[in-house]
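Here is a protein model to explore together.

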Amino acid sequence: MKVERLDKYIWRIPKERKMKVDAIVFTDAGSVEDPQFREAMKQLMNVATLPGIVKYALAMPDIHWGYGFPIGGVAAFDVKNGIISPGGVGFDINCGVRLMKTDLMYEDVKGRLRSIVEAIYEMVPAGVGARGDIVLGEKGLRKVLVDGAEWAIKAGYGLEEDLERIEDGGKIHPADPNYISEEAFERGSDELGTLGAGNHFIEVQMVQEIYKEDLAEFFGLEVGMITVMIHSGSRGFGHQVATDYIRLMRDKLKDHNKDLPDKQLINAPFQHPLGQAYYSAMNCAANYAFANREILGHLVRRAFWKVFGKDTRVELVYDVAHNIAKVEEYEIDGKRRKLVVHRKGATRSLGPGNEKVPEIYREVGQPVIIPGDMGTASYLLIGTRKAEEKTFGSTAHGAGRVLGRSAALKRWNYREILNKLEEKNIFVMSRSKKTLVEEAPEAYKDVDRVVHIVHEIGISKKVARMVPLGVVKG
């Protein structure tokens, strides 16, 4: 493939063969030479062949190989003649991140860190196949799929003020549960309020560095403050929704998908009944994930109340989605157009004044949360108008893997990873030794570098850096 350098951190692969648009990548020179990067770029080139794609196919600096679309991939399709693809969303629909702040400082928790991590571990079911205390029949689950985080709050798992601090208010429409299979209802019946495994985590963190004093003050953050970050999604429910619609699109739209460069790019025309059915079902799964993170957040609150007392404040800063497709408007060639924006491992990054940003943050722009791995750092950033102009309002979502899970298991062992984290004074509790090794910090890209790139390009701007003190994993 031919890769052209447009700027220090901007690269282009000109359209060739069946590509309808160029592929644009935001990364550094070292990544461009990495063989694994080349594999992910081939996937991005395939995305550029899909019907109705607009402007270009994009990749963030955390790009790596994924199912169909690369993770870190962004693509927008015209609502009239474009498509929607489960591979452009991912199996963990609305996998996302929430950041919470407390009124505690490092001095308040340093002697009780083990206690708070143990309390979270005790209260939050985690791991493969974890089951929660909330068990719903189909009738109850239908309400979750429509109302999202609002359902969780009404059920006693959250605070009313949380809703104005969640992307889309914690629920997306259209979300019709009639498009959900019996298998998905069954899988989702007892997984609300569970963390899951893999790269999902709950971290007790400390604000280590502030980059924009005025914005940090706006968010109520200061150096030494204790924060909590939660990374989870729609669990087995979202996975089943993706599985169901990949199968349906293969069975019912064979002619439409016959010339795909990769069968994992299976899709439906957005306006087709099956495209609309998947869109609605995907939104149901997104609402499930919003409800799940709201419940997890409140369980974390309860853990802090148990250890530090009921007067302890644990407030939501923001909750973002990073595996989703949304209908949004952007200016293309001087005209406003409705587009189906797929963000597969990418975060929405809208600038000041955008009406889709919750009112309490509209004057500064949408909060952006980019977590690292459990041994490094995570960031709060802010969205920009430049992102709206250049990336369909998108930025990176995390550090991005550089080593597969199987390779990680061959390279390290449980005690080795635990010792490395202990050397950094990070206390970890994990349901599975295997998961801890798979998620070794060295299996991921340098999150500081990823954030530096998006900050320098201007598609999101750094506000604060948090470092982990305690970690709970599945």
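## About the model

This is a predicted model, in which local features need pLDDT of at least 70 and side-chain atom pairs count only at pLDDT 80 or more, while totals for chains, interfaces and linings use all residues. Residues are numbered from 1 along each chain as its sequence is written, and side-chain values use heavy atoms, with hydrogens and water left out.

Let us begin with a helix. Helices (H or I, at least four residues) and strands (E, at least two) are DSSP runs, numbered from the N terminus. Helix H2 covers residues 35-47, which makes 13 residues, and spans 19 Å from its first C-alpha to its last, close to the expected 18 Å. That expected span is 1.5 Å times one less than the number of residues.

Which residues of H2 are buried? They are Phe 37, Ala 40, Met 41, Gln 43, Leu 44, Met 45 and Val 47. Here, buried means under 20% relative accessible area, exposed means over 50%, and partly exposed lies in between (1.4 Å probe, protein chains only). The buried residues of H2 pack against several elements, including strand S2 (10-13), strand S3 (22-26) and helix H1 (29-32).

Met 45 counts as buried because its relative accessibility is 7%. Leaving aside residues up to four places away in sequence, Met 45 touches Met 1, Ile 13, Glu 16, Arg 17 and Met 19; a contact means heavy atoms within 4.5 Å. Between Met 45 and Ala 23 there are 6.2 Å in space, C-alpha to C-alpha, although they are 22 residues apart in sequence.

## Backbone features

In the loop between helix H6 (149-154) and helix H7 (182-188) you will find Pro 174. A cis peptide bond, with omega about 0°, joins His 173 to Pro 174. Asp 168 sits in the loop between H6 and H7 too, and its phi is near 60°, a positive value in a residue other than glycine.

Phe 392, also not a glycine, has a positive phi of about 55°. Is Phe 392 buried or exposed? With 3% relative accessibility, Phe 392 counts as buried.

## The second largest pocket

A pocket is an open set of points on a 1 Å grid over the protein atoms alone, where a 1.4 Å probe fits, with protein on both sides within 12 Å along at least five of seven lines; lining residues have an atom within 4 Å of a point. The second largest pocket holds about 330 Å³ of space. Of its 20 lining residues, Glu 328, Glu 329, Tyr 330, Arg 336 and Asn 354 are the closest to its centre. The lining divides into 6 nonpolar, 2 polar and 12 charged residues.

## Salt bridges

A salt bridge is a side-chain nitrogen of Lys or Arg within 4 Å of a carboxyl oxygen of Asp or Glu. How many salt bridges does a search of the whole structure find? The search finds 33.

One of them joins Arg 337 and Asp 78, at 2.9 Å from N to O. This pair links distant parts of the chain, with Arg 337 in strand S13 and Asp 78 in strand S5, 259 residues apart. Arg 337 is partly exposed, at 29% relative accessible area, whereas Asp 78 is buried, at 9%. Elsewhere, Glu 167, Asp 168, Lys 326, Glu 328, Arg 343 and Arg 348 are linked in a network of salt bridges.

How values were computed. Grid points are joined across faces, edges and corners, and a volume is the space filled by probe spheres set on the points. Ala, Val, Leu, Ile, Met, Phe, Trp, Tyr, Cys and Pro count as nonpolar, Asp, Glu, Lys and Arg as charged, and the others, Gly among them, as polar.
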